[in-house]
Amino acid sequence: METQLNLAKIHMANLYERKWFVIYTRPRWEKKVDKLLKMQGIESYCPLREVQNQWADRKKDVSLPLFSSYVFVRLNLYEHSKVLYTLGVMGFVYYMGKPAIVRDNVIDQIKNNLTIYKDIEVVNLHGIAIGDNVRIKDGLLVNKLGKVVQIQGKNVLIVFDNISCALVTRIPLKSIAIQNSKQDHEN
């Protein structure tokens, strides 16, 4: 009987224990969702990085989310529904059938890295590999087709061989689009 009471106490303590979770937001709503959650008294964290945007007539420093469409929230199980009813929240990020829990030290590491490394950026390399045929989306070589030779951080080394010689250049990942077939490369 005593062990059942202890288990019930442990279970109840887990219901009230605050943990960091990851929520998925509408595109470009990270800062709005963070603000709305804080207005409700929910601890949230939207890691931001400072970027300088260049326009034709001016430069401006802006704060952009480090993780697109993700915000961290620290809450207990009773507060989950409050988060889900917040405008702009699409849902929790799940891992193995349960809402993904992020350890406190991981959140601390993100905060520390943002203070130490001012130009930190998350780059998604999903779907890009050496040998892929790509098309340049913008810049001097717009619409040119080439082949990925090397991936270096957030830049890609590309060979353009359809101009009677090999031209090798470094292009930012955001400026390329993967072509589905070698047939696209030949056109």
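User: Where does Leu66 lie?

Analyst: Leu66 sits in the loop between β4 and β5. Keep in mind that this is a predicted model.

User: Is Leu66 buried or exposed?

Analyst: Leu66 is buried: its relative accessible area is 8%, and the cut-off for buried is under 20%.

User: How far is Leu66 from Leu48?

Analyst: Their C-alpha atoms are separated by 5.3 Å, although Leu66 and Leu48 are 18 residues apart along the chain.

User: Let's step back to the chain. How many helices and strands are there?

Analyst: The chain has five helices and 14 strands.

User: And what percentage of the residues is buried?

Analyst: Of the 187 residues in the chain, 30% are buried.

User: What about contacts across the sequence?

Analyst: Take the contacts between residues at least 6 apart in sequence: 58% of them join residues at least 24 apart.

User: On to α2. Which residues of this helix are buried?

Analyst: Helix α2 covers residues 30-39, and its buried residues are Glu30, Val33, Asp34 and Leu37.

User: Why are they on the same side of α2?

Analyst: They cover an arc of only 100° around the axis, so they fall on the same side of α2.

User: What follows α2?

Analyst: Gly41 follows α2, and the phi of Gly41 is positive, near 85°.

User: Back to Glu30. Which side chain of opposite charge is nearest?

Analyst: That is Arg28, 7.5 Å away. Glu30 is buried yet has no salt bridge; a salt bridge would need a nitrogen and a carboxyl oxygen within 4 Å.

User: What is Glu30 in contact with, then?

Analyst: Leaving aside neighbours within four places in sequence, Glu30 is in contact with Thr25, Cys46, Pro65, Phe67, Ser68, Ser69, Tyr70 and Val71.

User: Tyr70 is on that list. Where does Tyr70 lie, by the way?

Analyst: Tyr70 is in strand β5. The residue is partly exposed, with a relative accessible area of 31%.

User: Which residues form a nonpolar patch on the surface?

Analyst: Tyr24, Tyr70 and Met90 form one, and together they have about 300 Å² of accessible area.

User: Change of topic: how many salt bridges are found in the whole structure?

Analyst: A search of the whole structure finds five. One of them pairs Arg18 with Glu79, where the closest N and O atoms are 2.7 Å apart.

User: Which parts does the Arg18 and Glu79 pair tie together?

Analyst: Arg18 lies in the loop between α1 (2-16) and β1, and Glu79 in the loop between β5 and α3, so the pair ties together parts that are 61 residues apart in sequence.

User: Glu79, buried or exposed?

Analyst: Glu79 is buried, with a relative accessible area of 14%. Arg18 is partly exposed, at 37%.

User: What does Glu43 form a salt bridge with?

Analyst: With Arg74; the closest N and O atoms are 3.8 Å apart. This pair links distant parts of the chain, as Glu43 is in strand β2 and Arg74 is in strand β5, 31 residues apart.

User: And which residue is Arg74 bridged to besides Glu43?

Analyst: Arg74 also forms a salt bridge with Asp104, again with the closest N and O atoms 3.8 Å apart. Arg74 lies in strand β5 and Asp104 in helix α4 (residues 104-116), so the pair ties together parts that are 30 residues apart in sequence.

User: How are Glu43, Arg74 and Asp104 linked?

Analyst: They are linked in a network of salt bridges. Glu43 is partly exposed, with a relative accessible area of 37%; Arg74 is partly exposed at 23%, and Asp104 is partly exposed at 38%.

Key
Residues numbered from 1 in each chain as written. Predicted model: local features only at pLDDT ≥ 70, side-chain atom pairs only at ≥ 80, totals over all residues. Heavy atoms only, no water. Buried < 20%, exposed > 50% of the residue type's maximum accessible area, 1.4 Å probe, protein only. Helix = DSSP H or I, 4+ residues; strand = E, 2+ residues; numbered from the N terminus. Arc of directions from axis to C-beta. Contact = heavy atoms within 4.5 Å. Lys, Arg positive; Asp, Glu negative; His and termini not counted. Patch = residues over 30% accessible without salt bridge, like charges linked within 9 Å, V, L, I, M, F, W, Y side chains within 5 Å. Areas by Shrake-Rupley, 256 points an atom, 1.4 Å probe, with all protein chains shown as cover.
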